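Subject: The two-chain model for you to look at

Hello,

Here is the structure I promised to pass on. Please open it beside this email and follow along as you read.

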Amino acid sequence: MRYDDIRPDHNVILEIIKDSSLVLDLGCGTGELLYVLIKERKVHAQGIEIDSSAIFKCVAKGLSVFHGDIDTGLAEYEDKSFDYVILNQSLQQVRHVDTVLKDALRVGKKVIVGFPNFAHYASRLQIFFGGKTPVTGALPYQWYETPNLHFLSISDFRSYCRSKDINIEKEIYLGKRKRVKLLPNLFAQIGLFLISNSKNNQ
Amino acid sequence: MTQYFTFDSIQLESGEKFGPVKIAYETYGVLDSERTNAILIVHALSGDAHAAGVDKSDETPGWWDSMIGPNKAFDTNKYFVICSNVFGGCKGSTGPLSINPETGKPYALDFPLISIGDMVECQKRLIEHLGIDTLLTVAGGSMGGMQVLSWLTRYPNRVKSVIPIATAIRHSPQQIAFHEVGRQAIMADPHWKSGNYYDGLHPTKGLAVARMIGHITYMSDASMTEKFGRQRKKSTEPFKFTADFQVEGYLRYRGDNFVKRFDANSYLYITKAMDNFDASDGKPLQESLRGVKTKLLVIAFKSDWLYPAYQSKEIVRACKLAGLDATYCEIDSTCGHDAFLLEVGEETYLITHFLKRVFHEYEVTGNYEI
């Protein structure tokens, strides 16, 4: 079975995740990604989501989900409870990024992080020439209605991982529809990272 | 229609042996030939076996009739639903007002101290009597939720899933405190007479006050404002301690009505059982759940301050630590603790989908289109 209209970032994650893994999706929304992962990879999945109408849709799909916020939702898991913890398009919305990432790396053997790249050239142009907070495909919100609390670029995340001694095992960059290889910090709308704790970090 | 099941004796959690025990119960729907579609509904403090349908004798609908029946959350076209009155109750099951065969009089305070676990033990006997080995689910709110948790820790292999609603692993001091005020109101009533009131006047004032306190804790600031505001009743003589405000009239009405249908001693015994309840005997709950395969749907309500959402989250947290499959949902409601009886739409949605998944044993719904 192929999902032709599956979101490109979901496709990337589908490629990364191995069969029958244990997966925790932080900020799972209406559960589309988890649903595809269960169907295609036979994963054992759980999700955490704050939005109640999204949670109802997850339950309708038969998913096992926790209605709550990510910032406080990770404490109840034992170390290495999951093969993968997913933070797709949700990291920029949590209050304490540092704590959440640390906890995600604790409860998951590997963590998949996906976020909109704030340094995409369209954003740069809008700031530089328009003098306005950018509104782009990956960052579609006006400044007064955005759920995003943090604005980061691909370079930001890379240097963050370096400073925290976090292994970057894979990095994949997405443009509007296609993957980006050249100068991702300029041309990618979305960055997806597969990360894990380095040995001396555990 | 209410039926009765009697057995010789039960070994109580306190160690005491007690008998005979009669349990009142009702069933709805049909048990399938594989006996895999049985659901046990467990009631809250003042509930009874009459959970669904309309009682022919007094034409009252069951206490959870909005949730149990054809095409409802607990769909009796698909599932066989059982509900029994708890042991210690006063709605047909053996309790303090039952006749002690040794004396020929009501037990009153000779009735032994009972626990939530004892109630569950009686329910287990009942389902065995009905020829059921494994329940598809056990569901209930408030004290019902405590019985649900007790099923989970005592007989995890007998329940494929459980649905604890607006409940707690154990009572907080605040919850115990409200119960204690209710009990003190009963015991302060001169007609209580250390429980020996069955041949005379009953402690109706005390029980009514206990119920009034209960009703306050079941509502929320918002739901009371919405329901009563500061509206006065059509009273011509204000300020003489009549029920001037509508909320006062409501509480008095509820209190007075309650004493017609409930036994004060039962109230004492059952509230004490709730206060003493601890789903995992003081240990962290996750220790009692390791290796358990039962699936959970845990539901809490935003404005419920009697059983706040954090208590439901504690249940889920323990499940996560023990590796159980648990779904948690906090329904946005202004109804307070009463929400579990009132928020029918949301509960129906969640429970219908959850049960479908447990009954058919699939990971995710098959017909969902991306």
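Below is what I found, going from each whole chain down to single residues.

Before anything else, please keep in mind that this is a predicted model.

**The two chains**

Let's begin with chain A. It holds eight helices and seven strands. Its C-alpha trace spans about 45 × 40 × 35 Å along its principal axes. A compact globule with 202 residues would have a radius of gyration near 17 Å, and the 16 Å of chain A agrees with that. Of those 202 residues, 44% count as buried. Sequence separation is worth a look too: among contacts in chain A between residues at least 6 apart in sequence, 61% join residues at least 24 apart.

Now for chain B, where you will find eleven helices and 14 strands. Along its principal axes, the C-alpha trace of chain B spans about 65 × 55 × 45 Å. For 370 residues, the compact-globule value is near 21 Å, and chain B agrees, with a radius of gyration of 21 Å. Buried residues make up 51% of chain B. For contacts in chain B with a separation of 6 or more, 70% are between residues 24 or more positions apart.

**Where the chains touch**

**A helix pair in chain A**

Helix α2(A) also has a partner inside its own chain. The axes of α1(A), residues 8–16, and α2(A) come within 10 Å and cross at roughly 40°. This crossing of α1(A) and α2(A) is right-handed. Which residues meet there? From α1(A) come H10(A), I13(A) and L14(A), and they meet E32(A), L33(A), V36(A), L37(A), E40(A) and R41(A) of α2(A). The residues of this contact divide into five nonpolar, one polar and three charged.

**A helix in chain B**

Next, find α11(B), which covers residues 344–360. Its 17 residues, at 1.5 Å a residue, should span 24 Å, and the end C-alpha atoms are 23 Å apart, which agrees. Which residues of α11(B) are buried? They are E347(B), L350(B), I351(B), H353(B), F354(B), L355(B), R357(B) and V358(B). These buried residues pack against β11 (137–141), β12 (161–165), β13 (295–301) and β14 (326–331) of chain B, together with α3 of chain A. Just after α11(B), E361(B) takes a positive phi of about 55°.

**One residue in a loop**

Last, go back to chain A and find Y141(A), in the loop between α6 (121–130) and α7 (154–163). Is Y141(A) buried or exposed? Y141(A) is exposed, because 12 other C-beta atoms lie within 10 Å, and a residue counts as exposed at 12 or fewer. Leaving aside neighbours within four places in sequence, Y141(A) is in contact with V135(A), T146(A) and N148(A).

Enjoy exploring, and write back with any questions.

Best wishes

Definitions and conventions:
Residues numbered from 1 in each chain as written. Chains lettered and ligands numbered in written order. Predicted model: local features only at pLDDT ≥ 70, side-chain atom pairs only at ≥ 80, totals over all residues. Axes fitted to C-alpha atoms, helices over the stretch in contact; angles between N-to-C directions. Helix = DSSP H or I, 4+ residues; strand = E, 2+ residues; numbered from the N terminus. Left-handed = near helix turned anticlockwise from the far one by under 90°. Contact = placed C-beta atoms within 7 Å. Nonpolar A, V, L, I, M, F, W, Y, C, P; charged D, E, K, R; others polar. Rg over C-alpha atoms; globule rule 2.2 N^0.38 Å. Buried ≥ 20, exposed ≤ 12 C-beta atoms within 10 Å, placed from the backbone. Expected span 1.5 Å × (residues − 1).
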